[in-house]
Structure formats: C-alpha cells, structure tokens
There are 2 protein chains.
Amino acid sequence: MGHFTDPTRQNVNMRTESVRAFERHAWSADQAAEALRAHGCRVTRPRTAVLRALLEHDGPIDVPALTRMAEFHEPGIHEATVYRTVATLAEVGIVTHVHAGHGPALVRLHGDVALVAVCQDCGSIEPVPAEVVDALVTGTLLTTGFVLEPGHFALEGICAACAA
Amino acid sequence: MGHFTDPTRQNVNMRTESVRAFERHAWSADQAAEALRAHGCRVTRPRTAVLRALLEHDGPIDVPALTRMAEFHEPGIHEATVYRTVATLAEVGIVTHVHAGHGPALVRLHGDVALVAVCQDCGSIEPVPAEVVDALVTGTLLTTGFVLEPGHFALEGICAACAA
DNA sequence: GTGTACCTGCAACCAGCTCGCAAGTACGGT
DNA sequence: ACCGTACTTGCGAGCTGGTTGCAGGTACAC
C-alpha cells in the first residue's frame, strides 16, 4: 500500500518539505482530550484508544484498520463505536474524512495539508504539494466563486510507480 | 439540486463559455451504438433507452434518476440493468462515473471537460474551468509524478450561492 | 428462419455505514 | 469518597448503494 499506510517505516530523508508538513499535525493526545471536554464530550477509554491509534498512524486510514489499531489499546472495541468516535472527533474538529473513490472513507487528523491522491492501481495514498492545492482552491474560487474544501475529498489517478 | 440535474431548464445565457463546453459532448445515439458494436456488444432496447436518457440529460446523473428517465423509453427497465449498462458504456468509453462524497456515484457522457465540484450544502454540480484543471493535473504530475484522472472524482465544497 | 451467445429481469447477496436499545461508565455535585 | 444521571458503548438489526447468479429472452451472424 501507500507511503502512509505503514506506520513502522519513516524514510524522512526521502521526502520533500511539503510531504513532511503533511505528516505533521497539530494534535497531541492531551490537546485532543481537552478539545473533547471543551465540547461537552466525555473522554472515555474507547475514544482515547482511537485517538492514540490515529496519532500513531500518520496519514489517512479507514475505519476497519483504525479499529484493529485501537483494539491494541482497548481490546474488544466495536467497529460501530469507532465510526461514532470518528464522527464525534470530526464535529470537534480533530479529524476529517475523505472519500477516495470506490472504497471506504479515510479518516485523518485535521492537519495542515489537506489534499491527497489515491492510486487506482495499487491504492497508495500520496499528498499533493501545498502550492498545487492553493492554486486549485484559489483558481476555482476566482473563476467560479466555488469554495473548495480540500479536506473532504481525494484525487484519483495513477501513481508514479504504477505509471512506469 | 444543481444546474445539471433539471433537464427542463437551460438558462444558457447565464452560463460562461466553459460551462457550455462542459455540456457539449462528442456522442450521438448512432455513434454510441456504433461504438458498442465495434466492441462486440449488442445494441439492445434497454441500452438504447439508457443512452437516450443520458443524451437528453446533460450533466452528471445518478443511476436511480437515470433509470427513471430510461423508463420513459423502455418501461419496466430494471435498475440492475442500468448499473450493468453503465459499466458496459464505461468500458466502451462512452461514459465515465465520478464519486461525489457520501452519495451515489454520478454517471456522465465522456465529454471534453472532466472535473466537477459538488456543493455539500445544496448538492449542485458545477464544472471547474479547464485552465484550473490543467494547472492541477500538470502541477501534480511535475511535482510528484502522479497522473491524475479528473474524470473519475469530484471536488467538494460550498458553491457561490450557498457561501453567500 | 434458426441457433447461440449475449443480455435482461429478478431476487438474493455484499460492503459500508447507521441506529435503537439495554448495560456500562465518566464526571459534576455533594 | 460516593452517588446519580446523562452520555457512551457493545451488540445486532437495518439501511443504502451496488453486485451477482440464474433462468428466460433476444440480437444478430449465418
């Protein structure tokens, strides 16, 4: 799978500045718990487990995989609970979810770079450089008045490796 | 719903050149039938009904709505048949389908402009100008090597009307 | 006209996701 | 430290969008 689906490898030296910016996020476990409480939500063991799983896994991840990771911290956690937790975290502003073509939606921490491209061949997920995203958003805004929200959708195509 | 979901209204004078270009397509019913035969596919009454419905309805449309329109030409046509017909037409290259967020996929004739934006508020569908699309595709290609296929996904955000 | 391979209608099925409900638990109040 | 209540969770049923297996029908080559 993609660069961001394997939490054990980092390979930071192979990545550009914009790629590393994509992986950075503004949330720690404490900040997230604080944000939850600020919204009148309780900080429960299942929610903490989902948050820890999200923090461990940089990059977009689908709910079944996220559940398996959260299960490491909270055995027996139910997938429906993870769906509800993700919805709660989205309301609070900690995560967003993107729809990448046919498959399930992908959950990710609400970071600074917000647009990803999914390979139709191998399913890998790659970030799109911030300057390209900016050009798209401002270009669309100026020509049509449409305000794009890059955190809520994904681009599709063929990645460099599969195209070769 | 959006500008392209109501086949009875045209309002051409309110639209820009790029918008009208979006509505033009390269297919007539005869050309499409020819393309089907060239691929070894039979030209049946249900398929003709779906094609006529697509030609009547400029712009993206989901399968349930397309089925209702096709039913006008071929009463009793089954939704599963329309799904299969759309898949066949996609193989032949007559249509593409885009995934627009949460809802069903949208089917459209394989025309000249390939990227649309869907309003999360009102569901309206607007084309993105060709120059913005080109900048996105070439910018992504040059910086990451990723080959985007704008015909297969949609952008999301808030349209000018809803933003106001 | 005839045969056959493809296509259609139908219903069952599947994936992704949501919901209703009873049991459990975080946390403000005391 | 304890209690009470309102929020959360696990669980299973259910919903939506889409696919598939199969028996019967039909386009089209001959």
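Two strands pair if DSSP finds at least two bridges between them, and helices (H or I, at least four residues) and strands (E, at least two) are DSSP runs, numbered from the N terminus. With that in hand, here is a short tour: Val116(A) stands opposite Ala154(A) in strand E7(A). This is a predicted model, in which local features need pLDDT of at least 70 and side-chain atom pairs count only at pLDDT 80 or more, while totals for chains, interfaces and linings use all residues. Residues are numbered from 1 along each chain as its sequence is written, and chains are lettered from A and ligands numbered from 1 in the order in which they are written.

**Strands of chain A**

- Strand E4 (residues 116-119) of chain A pairs with strand E7 (residues 154-158) of chain A in the parallel sense, over four bridges.
- E4(A) also pairs with strand E5 (residues 125-127) of chain A, here in the antiparallel sense over three bridges; Val118(A) has Ile125(A) as its bridge partner in E5(A).
- The hairpin of E4(A) and E5(A) has five residues between the strands, and Gly123(A) takes a positive phi near 80° there.
- From E4(A), Val116(A) and Val118(A) point one way, Ala117(A) and Cys119(A) point the other way, and all are buried (20 or more other C-beta atoms within 10 Å of a residue's own, with C-beta atoms placed from the backbone).

**A sheet in chain B**

- Chain B has an open sheet of three strands in the order E1-E3-E2, with antiparallel pairing.
- Strand E1 (61-62) and strand E2 (95-98) of chain B are the edge strands, each pairing on one side only.
- E2(B) pairs with strand E3 (residues 106-109) of chain B over four bridges in the antiparallel sense, and His97(B) stands opposite Val107(B) in E3(B).

**Around the DNA**

- A residue counts as near a strand if its C-beta atom, placed from the backbone, lies within 6 Å of it.
- DNA strand D has 25 residues around it, and those that come nearest are Cys41(A), Thr81(A), Ala80(B), Pro104(B) and Ala105(B).
- The largest share of the surface near DNA strand D comes from H5(A), with four residues.
- DNA strand C has 23 residues around it, with Ala80(A), Pro104(A), Ala105(A), Pro46(B) and Thr81(B) coming nearest.
- H5(B) gives the most to the surface near DNA strand C, namely four residues.

Note on methods
Buried ≥ 20, exposed ≤ 12 C-beta atoms within 10 Å, placed from the backbone.
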